Amino acid sequence: MYSRHQHKRSRSPDQKIKLHVSNLPVEFPRGQLITLFSNYGHVGNVRIIRNGPKGFPLKHNCYAFVEMETLTEAQKAVEDLNTRGWDVSLSKDSKFELAHPAEIIWPGFLTRCNSFRVSVNAKIVKGNAYGFFKRQYTIDISHRARVSDMPNSPPKLLITLEAAKEDDKPIFMEHIHYFQRKERIGIASIEGETLFIIPPGEKAEGIYEKMRLDQMIGQMWGDKEKGIQQRGIQDANELFRPENTFVIAPAP
């Protein structure tokens with residue numbers, strides 16, 4: 001016989017975990033967002049914000065709020081989607097707190113030329129090392145670029161770079177001063193990925209607010225992340241192919 005006590009009670013609205021999804025294309029359909037987060041657990045209310053504070057439509061990117069049922073589901077969604085190029089975080093007004101994944105440290109060398117080779121430690125701030133980064137021995141940043149040359153889409157990886165030892169600091173600081181004087185950023189190609197190395201300054205602080213003056217910031221993009229793809233999806237599972245990040249499909 002049916003009993004209402006057999007029903008599993010769900011969290012009340014103020015108990016659900018609210019996630020913030022940034023940098024969505026303005027036409028991104030709500031149904032696709034629900035499909036995406038459903039792969040990690042039960043999805044509650046989903047709101048896509050397409051208008052600014054004054055009510056005008058957002059021109060370039062919109063953002064969304066997605067409610068998840070449990071912290072475990074929310075944690076899994078944040079960690080997995082951020083490694084795929086999305087920008088997902090806990091909403092600022094949330095009463096909960098997600099665990100911070102352990103930092104991955106990559107020890108290697110940074111060089112501009114033979115006389116300016118210095119050992120560094122790279123710490124992963126956001127994203128995934130993708131294996132090849134751990135295998136990389138030396139990063140050559142002898143090529144320079146302008147800040148405006150960086151892609152507009154969210155990077156797949158954000159790292160901090162700092163001198164590995166106290167004795168390495170003078171040479172590392174020379175790298176920093178070199179790019180500051182030139183008003184340029186370093187650029188390196190690693191197995192088809194593009195890594196931009198940014199010295200301390202207004203741009204770097206805007207990317208990572210905990211930036212120190214003895215650090216540089218690295219942001220990495222793959223060739224397919226340099227622009228938002230504009231094609232439909234036939235199968236919802238395609239969302240989990242990294243090269244299909246931020247695809248736009250017809251609204252359900």
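# Reading contacts, rings and cores in a predicted model

Tutor: Glu73 is buried, at a relative accessible area of 18%. Buried means under 20% relative accessible area, exposed over 50%, and partly exposed in between, with a 1.4 Å probe and protein chains only.

Student: What kind of model is this, and how are residues numbered?

Tutor: This is a predicted model: local features need pLDDT of at least 70, side-chain atom pairs count only at pLDDT 80 or more, and totals for chains, interfaces and linings use all residues. Residues are numbered from 1 along each chain as its sequence is written, and side-chain values use heavy atoms, with hydrogens and water left out.

Student: Where is Glu73 placed, and which residues does Glu73 touch, beyond four places away in sequence?

Tutor: Helices (H or I, at least four residues) and strands (E, at least two) are DSSP runs, numbered from the N terminus. Glu73 is in helix α2, residues 71–83. Contact means heavy atoms within 4.5 Å. Leaving out residues up to four places away in sequence, Glu73 touches Tyr40, Gly41, His42 and Met68. Take Gly41: 32 residues from Glu73 in sequence, yet 5.6 Å away in space, C-alpha to C-alpha.

Student: How many aromatic pairs are there?

Tutor: A pair of aromatic rings is described by the distance of the centres and the angle of the planes. Rings of Phe, Tyr and Trp (its six-membered ring) pair if their centres lie within 6.5 Å; planes under 30 degrees apart count as stacked, over 60 as edge-to-face and the rest as tilted. The count by this rule is four aromatic pairs. One of them joins Tyr63 and Phe65, edge-to-face, at 5.9 Å centre to centre and 90° between the planes. Tyr63 is partly exposed at 29%, while Phe65 is buried at 15%.

Student: Why is the pair of Phe196 and Trp221 edge-to-face?

Tutor: The planes of Phe196 and Trp221 stand at 80° with ring centres 5.7 Å apart, so the pair is edge-to-face. This pair links distant parts of the chain: Phe196 is in strand β11 (residues 193–198) and Trp221 in strand β12 (residues 215–222), 25 residues apart. Both Phe196 and Trp221 are buried.

Student: Which charged residues sit over rings?

Tutor: The test is NZ of Lys or CZ of Arg within 6 Å of the ring centre and within 35 degrees of the ring normal. The charged end of Lys18 sits over the ring of Phe65, 5.1 Å from its centre. Arg112 lies over the face of Tyr178, 3.8 Å from the ring centre.

Student: Which residues of the largest nonpolar core touch the most other members?

Tutor: A nonpolar core is a set of buried Ala, Val, Leu, Ile, Met, Phe, Trp, Tyr and Cys residues joined through side-chain atoms within 4.5 Å. The largest has 23 residues, and Leu19, Leu33, Phe37 and Trp86 touch the most other members. At least two residues of this core come from each of β1 (17–25), α1 (30–38), β2 (43–49), β3 (61–68) and α2. Apart from it lies another core of 22 residues, including Leu157 and Ala188.

Student: How many disulfides does the structure hold?

Tutor: A disulfide is a covalent bond between the sulfur atoms of two cysteines. The cut-off is a pair of cysteine sulfur atoms within 2.5 Å. The structure holds zero. Cys62 is buried at 2%, whereas Cys113 is partly exposed at 34%.
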